Amino acid sequence: MKIAIIGQQDFGKAVLEAFLKRGDTVAGVFCAPEKPGARPDALKVAAQEKGVPVFQFPSLKTPEAHEKLKELDVDIGIMAFVLQFAPREFVKIPKKGTIQYHPSLLPKFRGPSSINWPIIKGETKTGLTIFRPNDGLDEGEVILQKETPISADDTLGTVYFERLFPMGVEAMLEAADLVHSGKHRETVQDESQASYEGWCREAEAKVSWASHVDFVYNLIRGCNPAPGAWTTLNGVKLQIFDARKHTVRTFGTVKGKIGEVSEVGPQGLSVTAQGGRIEILKAKLGDGKKVSGAELATSAAIKQGTLLGT
């Protein structure tokens, strides 16, 4: 088939390479312009190396972007990790329309941080959806979905890089084949089951040690490696990455005050929350490097009784 890829970064690159590897024709790649001083987009670099034309329009709403896609005369548009808004007029241009990847089980977790939030909210499964984009946010008809479990110790990194990324590349190929052959089915999303979550950024990643230990642990997992759950140590930002949860189920037996470093040992340091403790295994203090919990305790002279978040 003849396609155009609209996307960016490593996922867009992997999708490009997958279609080219099996012999499809990629007539062109649309990716957002880089910000001043930023590295060249990975998808852009890969396309140029393979001789695929690259188009970087500031907006996909412009007549110039529409005319270029019309000129390419493609069968299907493939949207792989797209942050630019692609209007209905644009996505309808390919002969058989456009399909888009979204890393959640739509209609749940619409929005830009759809991998973080299921983990943060304690969900036990997530997945991906290939759908028809429209002018709504992740609201189009579903063509294909794949599920994956979220284990008790999964992080954003393990769920995405080990599962949703490779599964997503394969799902884009599968969905494109279904659409190209006319064997696909389009299912309208059930709005009664819909949920939307905004960006998971610094403000959303702040740890409240007064929360239950389960919630604190899920926040750390859902923000690892980005944006990084954080607290403060003597007024300096302390990002927490790898951690371990220790739940105390007997009322009144949690050691230490809320937010207090209750233990410092050879493996790391433990901080008290409601109903248990969080053992910090890897963290980053201020502008320093990521270090083990034990290294952090030594370098920052953290002692039992130190309060975090103050």
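Strands E11 and E12 form a hairpin, with four residues between them. This is a predicted model. Strand E12 takes part in a second hairpin, with E13. Elsewhere, helices H1 and H2 pack with their axes 7 Å apart. The largest nonpolar core holds 40 residues, and another core lies apart from it.

**Strand E12 and its partners**

- E11 spans residues 261-264 and pairs with E12 in the antiparallel sense, over three bridges.
- Val261 has Val271 of E12 as its bridge partner.
- E13 covers residues 276-280, and its pairing with E12 is also antiparallel, over five bridges.
- Ala273 is bridged to Gly276 in E13.
- Two residues separate E12 from E13 in their hairpin. Gly275 sits in that turn and has a positive phi of about 80°.

**Burial along E12**

- E12 runs over residues 269-273 and is mostly covered, with five of its five residues buried.
- Leu269, Val271 and Ala273 point one way from the strand. Ser270 and Thr272 point the other way.
- Residues on both sides of E12 are buried.
- In a regular strand, side chains alternate between the two faces of the sheet.

**Helices H1 and H2**

- H1 comprises residues 9-21 and H2 residues 42-49; they pack at an angle of about 30°.
- Angles under 35 degrees count as roughly parallel, so H1 and H2 are roughly parallel to each other.
- On the H1 side, the contact is made by Gln9, Asp10, Gly12, Lys13, Leu16 and Glu17. H2 contributes Ala42, Leu43, Ala46 and Ala47.
- By type, the residues of this contact divide into five nonpolar, two polar and three charged.

**Nonpolar cores**

- In the largest nonpolar core, the residues that touch the most other members are Ile5, Phe11, Val15, Ile78, Ile99, Ile130 and Met172.
- Helix H6, residues 156-181, gives the most to this core, with 12 residues.
- Leaving aside neighbours within four places in sequence, Phe11 is in contact with Ala80, Phe81, Tyr101, Tyr160, Phe165, Gly168, Val169 and Met172.
- The other core, apart from the largest one, has 30 residues. Among them are Ile120, Leu233, Ile278 and Ile280.

Methods
Residues are numbered from 1 along each chain as its sequence is written. This is a predicted model: local features need pLDDT of at least 70, side-chain atom pairs count only at pLDDT 80 or more; totals for chains, interfaces and linings use all residues. Side-chain values use heavy atoms; hydrogens and water are left out. Axes are lines fitted to C-alpha atoms, for helices over the stretch in contact, and angles run from 0 to 180 degrees between N-to-C directions. Angles under 35 degrees count as roughly parallel, over 145 as roughly antiparallel, 65 to 115 as roughly perpendicular and the rest as oblique. Contact means heavy atoms within 4.5 Å. Ala, Val, Leu, Ile, Met, Phe, Trp, Tyr, Cys and Pro count as nonpolar, Asp, Glu, Lys and Arg as charged, and the others, Gly among them, as polar. Buried means under 20% relative accessible area, exposed over 50%, partly exposed in between (1.4 Å probe, protein chains only). Two strands pair if DSSP finds at least two bridges between them. A nonpolar core is a set of buried Ala, Val, Leu, Ile, Met, Phe, Trp, Tyr and Cys residues joined through side-chain atoms within 4.5 Å.
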